[in-house]
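This report describes the fold, strand pairing and packing of one protein model. The structure is shown first, and the description follows.

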Amino acid sequence: MSIFRSAAFSRTRPSRQQVTALVSFVVATAVGFVPGPRLDDGTPPAPESSITQPSRSTSPAPSSSASAVPSPSASAAPSPTLQAQPSAPSDRKTALLGNDVSWPQCNKALPKDPAFAIVGVNNGLANNTNPCLAEQLEWANKINDDVTGQPSVALYVNTANPEKAGSWWPTSNDYGGKPVANPYGTCKGEPDAACAYMYGWAKAFDDAYMRGISEPDDYLWWLDVETENSWNGSHEENRAVLEGMTDFFHSIDSEVGIYSTGLQWWQIVGTVPEGSSLYRLPSWLAGASTAKGAKSNCALPPLTAGGKVTMTQFVSRGFDYDYSCI
């Protein structure tokens, strides 16, 4: 029995998700949610800040298949006017592969008959929306077979810690019209762990309720953690952002996982203590170039000591393919 069949991963998607912004707006309005500032005009906004690596020196990274991680779905797909739906690589004969897609695949032909799918909610940054989210979820929701132990459809979201260089930074422990229990204390608008936690909570709140996701608690949410986004704080502050996101998703009874490579995770987050809500999350590792390499990467260390590698990624023919390790 895979971990996705355990009590913690027992959810299955609705037979037919209706993903519309109207539904999400009605839900948000009914419960009195008041989101923070967002850039949701459907076009990529200017970066929240310049891409900044952590200023402190870093220790050698744990074992990883690559030092650079492509964002899930970062590869551009072929135009549907030039090519029919792309087929899986020939080595699919030895593996049932999934695909992850997002804004780079807007208006492109999508892979045919994946075993499972992961759809990106954002448009490359933590504070915006994938303009093709509804169409891509419609494609993903056609998957009916459960043959790998993975959820048929999961979601992934961009993450960052822009601090005050971003378009918005929290000034209190209130969000969505309600107070938030903050393990780092009281946020007062400073670039510290308390406000970083609230920033993560707020971005996850927006992802769940303001991007057009119907029934967000029915999904496993992957956190995309990579150095191409803004990370200006310490390991503790960066970890606090991800803990805020994780704790929000857990508060609506959703499951959470982490996407990265060992090197980039080490640079951004460092060692995760056992008391962190990140400690036991499953890992999705990037870096392979073939299905065989992705299968081998299942044996790499997880991103957190208490977690487990449950999925790996490789790029082929301009698409991201995903190998289930469970």
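How many residues lie between β9 and β10 in the hairpin that they form? There are two residues between these strands, and R317 in the turn has a positive phi of about 55°.

## Basis of the description

This is a predicted model, in which local features need pLDDT of at least 70 and side-chain atom pairs count only at pLDDT 80 or more, while totals for chains, interfaces and linings use all residues. Residues are numbered from 1 along each chain as its sequence is written, and side-chain values use heavy atoms, with hydrogens and water left out.

## The barrel

Eight strands form a closed barrel in the order β1-β2-β3-β6-β7-β8-β9-β10, with mixed pairing. Strands (E, at least two residues) and helices (H or I, at least four residues) are DSSP runs numbered from the N terminus, and two strands pair if DSSP finds at least two bridges between them. From one strand to the next the twist averages 30°. Helix α2 (residues 133-140) packs on the sheet, where it touches β1 (97-101), β2 (117-120) and β3 (153-158), and its direction makes about 175° with that of β2; contact here means heavy atoms within 4.5 Å, and axes are lines fitted to C-alpha atoms, for helices over the stretch in contact, with angles running from 0 to 180 degrees between N-to-C directions.

Strand β8 (residues 283-288) and strand β9 (residues 309-316) run parallel and are joined by four bridges, with S283 standing opposite V309 in β9.

Strand β6 (residues 220-224) is mostly covered, as five of its five residues are buried, where buried means under 20% relative accessible area, exposed over 50%, and partly exposed in between (1.4 Å probe, protein chains only). In a regular strand the side chains alternate between the two faces of the sheet. In β6, L220, W222 and D224 point one way and W221 and L223 the other way.

On one pairing, β3 is joined to β6 by four bridges in the parallel sense, and V157 has L223 as its bridge partner. Strand β6 also pairs with strand β7 (residues 255-260), again parallel, over five bridges, and the bridge partner of W222 in β7 is G257. The chain crosses from β6 through helix α4 (residues 235-251) to β7 in a right-handed β-α-β crossover, the term meaning that, with the strands pointing away from the viewer, the path from the first strand over the helix to the second runs clockwise.

The 17 residues of α4 should span 24 Å at 1.5 Å a residue, and the end C-alpha atoms are 24 Å apart, which agrees; the expected span is 1.5 Å times one less than the number of residues. Because 12 of these 17 residues are buried, α4 is largely enclosed by the rest of the structure. Its buried residues, among them E237, R239, F248 and F249, pack against β3, α3, β6, β7 and α5 (262-268).

D253 lies in the loop between α4 and β7 and has a positive phi of about 70° although it is not a glycine. With a relative accessible area of 44%, D253 is partly exposed. E163, in the loop between β3 and β4 (174-175), is likewise not a glycine and has a positive phi of about 50°, but at 14% relative accessibility E163 counts as buried.

## Strand β10

Six of the six residues of β10 are buried; F319, Y321 and Y323 point one way, and D320, D322 and S324 the other. F319, found in this strand (residues 319-324), has a relative accessible area of 1%. The C-alpha atoms of F319 and D100 are separated by 8.1 Å, although these residues are 219 residues apart along the chain.

Strand β10 runs antiparallel to β1, with four bridges, and N99 stands opposite Y321. It is also antiparallel to β9, with six bridges, and M311 has S324 as its bridge partner in β10.

## Nonpolar cores

A nonpolar core is a set of buried Ala, Val, Leu, Ile, Met, Phe, Trp, Tyr and Cys residues joined through side-chain atoms within 4.5 Å. The largest has 67 residues, and W221, F248, F249 and W265 have the most contacts inside it. Helix α3 (residues 193-209) supplies the largest share of this core, 13 residues. A second, separate core of 11 residues includes F116, Y156, W222 and M311.
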